Amino acid sequence: MTVRQSIVFNGDLGSGKSTVSVEIAKRLGLRRVSVGDLYRQMAQERQMTALQLNLHAELDQAVDGYVDQLQRDIAASGESLVMDSRLAWHFFTDALKVHMITEPGEAARRALLRPSGPAESYTSLEEAKAKLRERSDSERNRFIVRYGVDKARLRNYDLVCDSTRATPAEVITHIVDAYEGRLGADVLRDNPPLLLLDPARVYPTEDVSVLRDLWDTGFVGEVATGGDESPEPLKIGYTGEYFFVVDGHRRLSAALQSGFHLVPALLVAEVDEPVVGGMSAVDYFAAQVRPGLIHDWEAAHSITLPLPEHALLAAGDAVLAGEPGAGA
């Protein structure tokens, strides 16, 4: 079993990376360093909000320069630690690079429930959602311009974990298992990232009516008994906003029927990368994922998937054309 030196966390605002990184540091007996705490302290000292400091940092390189050098020094020290930082994955080499994601509305709800401070406060769910998005976009643009790296690109990371419905305990267990070589070792070694996705947020690309054995109680029972780390990883495409099945509908259905909050997956195509026949992930998703297909999958599994923009437009066109069942 090979254990990497450090674990570095990046992730969506409100994804729970601070909570998870604190507990993992305790469990593994490692020192934890939080760049987010440092930025909040810098914002407070300048009498700014966190968003204002982000926007200021786009113009003043000294803000990032101080923090960047701190991270370079820590990475070069060779100390094994847990690092909570939006850019540590760029500075660390021998580390498990974890990227945490969550549904934007859930992230805003969590941010609103946190104790407010001078550097970060919100008065409504919509304000929290808008400001979190603005902060994330500001950071992303700054990193692209200043470092030539895109924090939204999943292939920057070793492990991507969706915390939308998973409890902190579930997330912690999966990350520690990956760190210590018990989960996804082959994927982490040969074809990262390993995805740990919320099965209720993954879109199908085939109609339920043509998929066989979705309700095979024997197979579903095996998956349920084996636990959420047991299924063979799904093969997944990613548009930059939505995850979709390339191969593994039966396993995804079994995970939903078993009540799993996380399911392992392999990223086969991201954004402009080809899925099949030279078709990019974005184009494949738009071609395959139709309103009726989403509705039938939702009804079969008692979940709700937001209609992507292309599907909303298709549904609107169907209503205008007076197609039977449109808008149902």
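Because the model is predicted, local features are taken only where pLDDT is at least 70 and side-chain atom pairs count only at pLDDT 80 or more, whereas totals for chains, interfaces and linings use all residues. Residues are numbered from 1 along each chain as its sequence is written, and side-chain values use heavy atoms, with hydrogens and water left out.

Helices (H or I, at least four residues) and strands (E, at least two) are DSSP runs numbered from the N terminus. Strand β10, which spans residues 263-270, is mostly covered, with seven of its eight residues buried; here buried means under 20% relative accessible area, exposed means over 50%, and partly exposed lies in between (1.4 Å probe, protein chains only). Two strands are said to pair if DSSP finds at least two bridges between them. On this basis β10 pairs with strand β6 (residues 194-197) in the antiparallel sense over four bridges, and Leu196 stands opposite Pro264 in β10. With strand β8 (residues 234-238), β10 pairs in the parallel sense over five bridges, and there Gly237 stands opposite Ala269.

Asp272 lies in the loop between β10 and β11 (274-276) and is exposed, with a relative accessible area of 59%. The C-alpha atoms of Asp272 and Tyr284, which are twelve residues apart along the chain, are separated by 10.0 Å. Tyr284 is also among the contacts of Thr205, a residue in the loop between β7 (202-203) and α10 (217-226). Thr205 is buried, with a relative accessible area of 4%, and, leaving aside neighbours within four places in sequence, Thr205 is in contact (heavy atoms within 4.5 Å) with Phe244, Val245, His249, Tyr284, Gln288, Val289 and Leu293.

Pockets were located on a 1 Å grid over the protein atoms alone, a pocket being an open set of points where a 1.4 Å probe fits, with protein on both sides within 12 Å along at least five of seven lines, and lining residues having an atom within 4 Å of a point. The largest pocket has a volume of about 1,300 Å³, and is lined by 38 residues, of which Asp12, Pro104, Tyr238, Gly240 and Glu241 lie nearest its centre. The elements that give two or more residues to this lining are β1 (6-11), β4 (95-101), α6 (104-113) and α7 (125-147), and the largest share, six residues, comes from α7.

Key. Points joined across faces, edges and corners; volume = space filled by probe spheres on them.
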